[in-house]
Amino acid sequence: ESFGELALLYNAPRAASIKAKIDCVLWALDRGTFNNIVKEAAIKKRNRYEETLKKIPILSTVDSYELSQICDAIKSEKVAKGDFIIKQGEQGDKFYILDEGDAYAAKVFKEGEEAKNVKDYKNGDYFGELALLSNQPRAASIIAKTDCKLLSLDRLAFKRLLGPLEKILKRNSEIYAIYNKQFK
């Protein structure tokens with residue numbers, strides 16, 4: 001167990017007292033050491049995300065300040081092999097970038113029919129933007145082929161940070177129409 005971090009993070013007085021019930025051995029960090037550890041972890045996370053995002057063609061026009069803002073807003077998620085990342089018909093609330101692993105898109109074209117695999121995804125590919133751009137339900141399901149690590153942006157962060165890329169994203173979304181025609 002750990003305690004006392006909130007007072008260090010927010011430079012605030014202690015919110016509660018801690019009293020030992022039995023003899024204990026405690027480790028303590030002073031404010032400076034704690035802040036260095038937290039800052040170093042945040043810098044490493046940002047650098048790793050920046051390296052990943054720089055490899056994505058759609059983000060090539062984003063300047064370094066905008067890229068750092070995206071990195072700060074990104075959440076990391078893990079999905080097990082065979083699990084749904086997105087389900088067709090659900091309301092979309094996140095944009096995803098596949099950081100590690102493989103996934104595929106499956107679409108049901110007519111109710112009662114089996115889903116057809118329409119697209120494969122690999123590291124650096126993104127998905128989920130259509131539902132956020134058009135405010136429509138998810139057009140296909142995305143399923144993890146392997147254990148996956150995802151980077152995600154919620155709807156608000158997506159609109160705020162990727163809004164300038166909306167035209168490019170919409171233009172790229174025309175590719176999905178080609179997939180639909182191929183598999184209908």
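Strands are DSSP runs of at least two residues, numbered from the N terminus. The model shown here is predicted.

**View 1. Serine 152 sits in strand β8.** Strand β8 covers residues 148-154 and includes serine 152. Serine 152 has a relative accessible area of 3%. It counts as buried, because buried means under 20%. The side chain of serine 152 makes a polar contact of 2.7 Å with the side chain of glutamate 77. Leaving aside residues up to four places away in sequence, serine 152 touches Ala73, Ile74, Lys75, Glu77, Lys94, Phe95 and Tyr96.

**View 2. Glutamate 77 pairs with lysine 94.** Side chains of opposite charge can pair when their charged atoms come close. Here glutamate 77 and lysine 94 form a salt bridge, with 2.8 Å between the closest N and O atoms. Glutamate 77 belongs to strand β1 (residues 75-79), lysine 94 to strand β3. The two residues are 17 apart, and the pair links distant parts of the chain. Lysine 94 is partly exposed, at 25% relative accessibility. Both Glu77 and Lys94 are also among the residues that serine 152 touches.

**View 3. Arginine 48 meets glutamate 100.** These two residues form a salt bridge, and their closest N and O atoms are 3.2 Å apart.

**View 4. Lysine 54 and glutamate 51 pair within helix α2.** Their side chains meet in a salt bridge of 4.0 Å, N to O. The two residues are 3 apart in helix α2, so about one helical turn separates them. Lysine 54 is exposed, with 52% relative accessibility. Glutamate 51 is partly exposed, with a relative accessible area of 45%. Across the model, the count of salt bridges comes to 9.

**View 5. A nonpolar patch lies on the surface.** Leu6, Leu9, Tyr10 and Val38 make up this patch. Together they have about 410 Å² of accessible area. Tyrosine 10 is in the loop between α1 (5-9) and α2. It is exposed, at 60% relative accessibility.

**View 6. The whole chain gives the setting for the close-ups.** The protein chain has 6 helices and 8 strands. Starting at the N terminus, the elements follow the order α-α-α-β-β-β-β-β-β-α-β-β-α-α. Of the 184 residues in the chain, 34% are buried. Take the contacts between residues at least 6 apart in sequence: 73% of them join residues at least 24 apart. The chain exposes about 12500 Å². Carbon and sulfur atoms supply 53% of that area.

Definitions and conventions: Residues are numbered from 1 along each chain as its sequence is written. This is a predicted model: local features need pLDDT of at least 70, side-chain atom pairs count only at pLDDT 80 or more; totals for chains, interfaces and linings use all residues. Side-chain values use heavy atoms; hydrogens and water are left out. Helices (H or I, at least four residues) and strands (E, at least two) are DSSP runs, numbered from the N terminus. Buried means under 20% relative accessible area, exposed over 50%, partly exposed in between (1.4 Å probe, protein chains only). A polar contact is a pair of N or O atoms within 3.5 Å; within protein, one must be able to donate a hydrogen and the other to accept it, and residues adjacent in sequence count only if both atoms are side-chain atoms. Contact means heavy atoms within 4.5 Å. Patches are made of residues with over 30% relative accessible area and no salt bridge: like charges are joined within 9 Å, nonpolar side chains (Val, Leu, Ile, Met, Phe, Trp, Tyr) within 5 Å. Accessible areas come from the Shrake-Rupley method with a 1.4 Å probe; for residues, only the protein chains shown count as cover.
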